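Subject: Structure handover

Hello,

Here is the structure for your files. My notes on it follow below.

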Amino acid sequence: MNRPTQQVYENYTPHDFAVWETLFNRQMPLLKDTASNEYLEAHKTIKFSPNRIPDFREVNTIVGNLTGWNLHVVPCISPQKDFFQLLSQKKFTATCWLRTMEQLDYLEEPDMFHDVFGHVPLLTNTSYCDFFKGISTIALEHIENPLAVELLGKIYWFTIEFGLIREHGKKKIYGAGIMSSFGEVKHCLGDKVTHVDFDVEKIFSTNYRNDQMQNLYYVIDSYEQLYNSLDEINTGLRKRIKASKPIGI
Ligand SMILES: [Fe+2]
């Protein structure tokens with residue numbers, strides 16, 4: 001399917017607006033008491049609304065003024081090198097098309113409800129952004145090494161996509177993969193899953209499935225903790241790369 005490579009706001013149909021409104025209105029009541037305060041506050045800052053599909057020009061102005069980050073429209077998931085290169089320039093790759101009403105709960109690839117509703121609010125947080133950029137710098141350094149890419153993929157998965165944060169003694173959601181999922185919001189805070197304190201080495205050793213809801217989530221104490229873990233991530237990565245090389249090489 002041909003996906004747009006730039007956002008032409010006039011091209012959104014009444015069906016698109018209805019989908020955005022439906023997704024928004026069923027997700028927000030769930031997130032009210034379960035999402036990170038930073039995320040919820042950012043909704044107001046970015047002026048997200050159920051009645052209006054976000055206009056990337058407006059979002060870029062607001063987010064750009066706060067952290068220097070911008071949205072870079074892509075038609076679909078980018079090749080890893082392109083993705084990290086854009087991140088290193090403070091450009092977050094986002095789609096600008098929406099699923100249909102028949103696809104509310106299942107999509108094979110991320111649309112703008114995931115990319116924008118899920119990811120963009122925390123691009124207003126400096127520590128989160130610096131972590132994101134730091135990950136891209138490490139990734140570009142090791143982009144030709146499949147083990148490094150796999151390990152960084154785990155870090156990305158258990159933080160940016162499926163991370164939880166402790167706020168005032170309660171576990172809250174900050175991962176975009178949970179934010180945009182109707183089912184996973186309740187699931188991730190329920191008693192059928194395991195919560196583990198954020199630990200780089202443990203994440204390196206944890207496998208995940210991308211075709212079902214997670215059964216294990218890592219919990220951070222602050223966004224600064226993410227940023228402060230970059231050195232440990234880089235050191236741990238180098239150690240594992242070295243250990244994986246045959247002796248004598
Ligand atoms: Fe995502």
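Where is the place of asparagine 51? Asparagine 51 sits in the loop between α2 (37-46) and α3 (56-67). Asparagine 51 counts as exposed because it has 9 C-beta neighbours inside 10 Å, and the limit for that class is 12 or fewer. The C-alpha atoms of asparagine 51 and threonine 22 are 9.6 Å apart, although 29 residues separate the two along the chain.

Please keep in mind that this is a predicted model.

Overall picture

The protein chain has 12 helices and six strands. Its C-alpha trace spans about 65 × 40 × 35 Å along the principal axes. The radius of gyration is 18 Å, which agrees with the value near 18 Å that a compact globule of 249 residues would have. Of the 249 residues, 35% count as buried. Taking the contacts between residues at least 6 apart in sequence, 63% join residues at least 24 apart.

Helix packing

Two helix pairs involve α6 (residues 126-141).

On the α4 side the contact involves Phe84, Gln85, Leu87 and Ser88, and on the α6 side Phe132, Lys133, Ser136, Thr137, Ala139 and Leu140. By class, the residues of this contact are five nonpolar, four polar and one charged.

The second pair is α6 with α12 (230-244). Here the angle is about 20° and the axes are 10 Å apart, so α6 and α12 are roughly parallel to each other. The crossing is right-handed. Phe131, Gly134 and Ile138 of α6 make the contact with Leu230, Ile233, Asn234 and Leu237 of α12. These residues divide into five nonpolar, two polar and no charged.

Buried helices

Helix α5 (residues 112-119) is mostly covered, with eight of its eight residues buried. They are Met112, Phe113, His114, Asp115, Val116, Phe117, Gly118 and His119. The elements they pack against are α1 (14-31), β2 (91-94) and α8 (176-179).

In helix α7 (residues 146-161), the buried residues are Ala148, Leu151, Leu152, Ile155, Trp157, Phe158, Thr159, Ile160 and Glu161. Their cover includes α6, α8, α10 (200-204), β6 (216-220), α11 (223-228) and α12.

Backbone points to check

Most residues other than glycine have a negative phi.

Lysine 90 lies in the loop between α4 and β2. With 18 C-beta neighbours inside 10 Å, lysine 90 counts as partly exposed, because a buried residue would need 20 or more.

Histidine 168 is in the loop between β3 (164-167) and β4 (170-173). Histidine 168 is exposed, since 6 other C-beta atoms lie within 10 Å.

Regards

Terms used. Residues numbered from 1 in each chain as written. Predicted model: local features only at pLDDT ≥ 70, side-chain atom pairs only at ≥ 80, totals over all residues. Helix = DSSP H or I, 4+ residues; strand = E, 2+ residues; numbered from the N terminus. Contact = placed C-beta atoms within 7 Å. Axes fitted to C-alpha atoms, helices over the stretch in contact; angles between N-to-C directions. Nonpolar A, V, L, I, M, F, W, Y, C, P; charged D, E, K, R; others polar. Rg over C-alpha atoms; globule rule 2.2 N^0.38 Å. Parallel < 35°, antiparallel > 145°, perpendicular 65-115°, else oblique. Left-handed = near helix turned anticlockwise from the far one by under 90°.
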